[in-house]
Amino acid sequence: MKRSLVPALIATTLLAATLTTTPASATPAAPSGRPAPTVKCEFTPTPENPAARPVTVPKATAKAEGTVDVFFVTNYGPFVVRMNRATAPCGVHNFVHLVQSRFYDRTQCFRLTNSARLGVLQCGDIYRQEEGGPGYKFPDEVDGTETYPRGTVAYGNQGPGTNGSEFFVVHSFANIDPNYTVLGKVTFGMSTFDRIVAAGIADPDQDGPPTRPVRILKVLTLGR
């Protein structure tokens with residue numbers, strides 16, 4: 001029964017996002033005579049941490065301009081993230097690759113925080129918090145000026161150069177060092193995160209699993 005609701009939720013998300021956000025271009029056409037800019041990315045296999053789900057290593061060449069919208073359907077409601085290839089070309093390239101590989105479908109967000117320092121929902125781990133990645137890692141894309149206001153979406157990591165599939169969404173603010181690659185910003189559906197936070201955290205320190213599990217049912221991209 002729940003599966004039959006997913007197409008309707010996706011359609012609702014797409015319609016609402018179209019009506020409430022400005023048009024996005026996955027990769028604008030380059031002017032005549034100028035090739036679209038690209039960058040080389042370094043994806044390093046991690047045999048000590050094999051892929052939690054079948055997924056290939058992304059191609060090494062990534063587009064370096066334009067945006068792509070990523071649509072999430074969760075059991076709390078939908079949200080849309082606009083990701084910027086210009087500021088994090090390898091990060092966005094990887095995220096789109098994982099979405100198109102269905103890596104994030106039917107997964108759970110295992111960590112929710114709501115403290116004076118950190119207010120985020122952490123997702124992208126297949127097994128449990130910080131366990132279950134894609135079987136490879138890649139470098140950070142930061143310059144030291146990154147900030148993480150409400151609505152920011154960024155990669156989580158376990159140290160420099162350990163990006164994979166883990167990401168977080170800031171539902172309030174994040175007073176953290178600029179060590180996390182910013183993918184983009186939520187353009188529709190922040191009320192989904194308000195509902196998640198209101199449901200509570202199963203930890204007295206306000207840093208632990210959501211009281212009611214948060215499940216990502218489906219993720220889609222607009223563009224490539």
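This is a predicted model: local features need pLDDT of at least 70, side-chain atom pairs count only at pLDDT 80 or more; totals for chains, interfaces and linings use all residues.
Let me begin with the contacts, where contact means heavy atoms within 4.5 Å: of those in the protein chain between residues at least 6 apart in sequence, 73% join residues at least 24 apart. Residues are numbered from 1 along each chain as its sequence is written, and side-chain values use heavy atoms, with hydrogens and water left out.

The protein chain has three helices and 14 strands, taken as DSSP runs numbered from the N terminus, helices being H or I of at least four residues and strands E of at least two. Counting two strands as paired if DSSP finds at least two bridges between them, we get an open, antiparallel sheet of 10 strands in the order β6-β14-β4-β5-β12-β10-β11-β8-β7-β13. Its edge strands, each pairing on one side only, are β6 (107–109) and β13 (207–208); β6 is joined to β14 by three bridges, with Thr 107 opposite Ile 216.

Now to β8, residues 118–123, where six of six residues are buried, that is, under 20% relative accessible area with a 1.4 Å probe, protein chains only. In a regular strand the side chains alternate between the two faces of the sheet. Here Leu 118, Val 120 and Gln 122 point one way, and Gly 119, Leu 121 and Cys 123 the other. With β7, the strand β8 forms a hairpin with four residues between them, and Arg 111 stands opposite Gln 122; with β11, β8 pairs antiparallel over five bridges, and Cys 123 stands opposite Phe 167.

Conventions. Buried means under 20% relative accessible area, exposed over 50%, partly exposed in between (1.4 Å probe, protein chains only).
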